[in-house]
Amino acid sequence: MPIDATRPYDESNIFARILRGELPCSKVYEDEHVLAFNDIRPLAPTHVLVIPKGAYVSWDDFSARGSDEEIAAFVRAVGRIAREQGLVAPGYRLLANIGEAAGQEVPHLHVHIFAGRGLGPMLAG
Ligand code: AMP
């Protein structure tokens, strides 16, 4: 069920639980500010989720409240993960769903990295 991205941060969301170590994840990358792991229901051969460790509901929340250090770390981590996974030459897609119309389901900011096959048109339908 899509979430309202303007609501306050919910500490019980699934990615908050992964960050606290209460749930496992298939970790791809971690640093002081960022965690990345494989999506549990991959939609492409490579489907990685990159999340900030801070409590941010969405891109809207992060871009408004995140520190310059957190934002720089996040952007650099996304690029680094893609490079380390060998995705740059074949190409990859970044996607962030924000709120209801986009179908955001988990109320903790995440950027999807898709790769490993032709990814088709930018939007379905
Ligand atoms: P979104 O629709 O942009 O909010 O995407 C949420 C994504 O989180 C989906 O692609 C789910 O498959 C993924 N997801 C949900 N729970 C987990 C989990 N425990 N570990 C990894 N990925 C998950």
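Predicted model: local features only at pLDDT ≥ 70, side-chain atom pairs only at ≥ 80, totals over all residues.

Mentor: The ligand is surrounded by 16 residues, and the closest are Asp 39, Asn 97, Glu 105, His 110 and His 112. A polar side-chain atom of Asp 39 sits 2.5 Å from a ligand oxygen, while a polar backbone atom of Glu 105 is 2.7 Å from an oxygen atom of the ligand. The protein covers 88% of the 510 Å² of accessible area that the ligand has on its own.

Now for helix 3. It runs over residues 68-84, and its 17 residues reach 24 Å from first C-alpha to last, close to the 24 Å expected. After the helix comes Gly 86, with a positive phi near 70°.

Which residues of helix 3 are buried? They are Glu 70, Ala 73, Phe 74, Ala 77, Val 78, Gly 79, Ile 81 and Ala 82. Their cover includes strand 1, strand 2, strand 3, helix 2, strand 4 and strand 5.

That brings us to the largest nonpolar core, which has 18 residues. Phe 74 and Ile 81 are among those with the most contacts inside it, along with Val 34, Val 50 and Ile 113. Helix 3 gives this core its largest share, six residues. As a general matter, nonpolar side chains tend to be buried together in soluble globular proteins.

Take Val 50: among the residues it touches are Phe 74, Val 78 and Ile 81, as well as Val 34 and Ile 113. Apart from this core lies another, of seven residues, including Phe 15, Leu 35, Ile 51 and Val 106.

Key:
Residues numbered from 1 in each chain as written. Heavy atoms only, no water. Helix = DSSP H or I, 4+ residues; strand = E, 2+ residues; numbered from the N terminus. Expected span 1.5 Å × (residues − 1). Buried < 20%, exposed > 50% of the residue type's maximum accessible area, 1.4 Å probe, protein only. Contact = heavy atoms within 4.5 Å. Near = heavy atom within 4 Å. Polar contact = N/O pair within 3.5 Å; in protein donor to acceptor, adjacent residues only side chain to side chain. Areas by Shrake-Rupley, 256 points an atom, 1.4 Å probe, with all protein chains shown as cover. Core = buried A, V, L, I, M, F, W, Y, C linked by side-chain atoms within 4.5 Å. Lists of a residue's contacts leave out its neighbours within four places in sequence.
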